[in-house]
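Please look over the model below before reading on. The points that follow cover its fold, confidence, surface and two residues.

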Amino acid sequence: MAFTLYSLLQAALLCVNAIAVLHEERFLKNIGWGTDQGVDGFGEEPGIKSQLRNLIRSVRTVMRVPLIIVNSIAIVLLLLFG
């Protein structure tokens, strides 16, 4: 299997899909990343944990419909071109 631009884009798509399916009550709460654990003070710099939690939440919120479309296009391309 050759390393192409398409395979790189497909790997990025799989990573975004993996982030989008993380469920807060099932997975994130078990490792201490639930919504009630992250109370940051006003004026304080957000830590790595809160930034990652915000990234996961925003990917789940914003990328829901575009991921359906991009996944459908990727599936059709794989079916057409093998």
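**Note on the predicted model**

1. The protein has four helices and zero strands, where helices (H or I, at least four residues) and strands (E, at least two) are DSSP runs numbered from the N terminus. Along the sequence the pattern reads α-α-α-α.

2. This is a predicted model, in which local features need pLDDT of at least 70 and side-chain atom pairs count only at pLDDT 80 or more, while totals for chains, interfaces and linings use all residues. Residues are numbered from 1 along each chain as its sequence is written, and side-chain values use heavy atoms, leaving out hydrogens and water.

3. Mean pLDDT (the predictor's confidence in each residue, from 0 to 100) is 81 for the protein, and 84% of the residues score at least 70. Where pLDDT is low, the predicted coordinates should not be read in detail.

4. Of the 82 residues, 16% are buried; buried means under 20% relative accessible area, exposed over 50%, and partly exposed in between (1.4 Å probe, protein chains only).

5. Taking contacts (heavy atoms within 4.5 Å) between residues at least 6 apart in sequence, 63% join residues at least 24 apart.

6. Arg 57 lies in helix α3 (residues 48-62). Its relative accessibility is 29%, so Arg 57 counts as partly exposed. The C-alpha atom of Arg 57 is 9.2 Å from that of Leu 22, 35 residues away along the chain.

7. Leu 55 is also placed in helix α3 and is partly exposed, at 43%.
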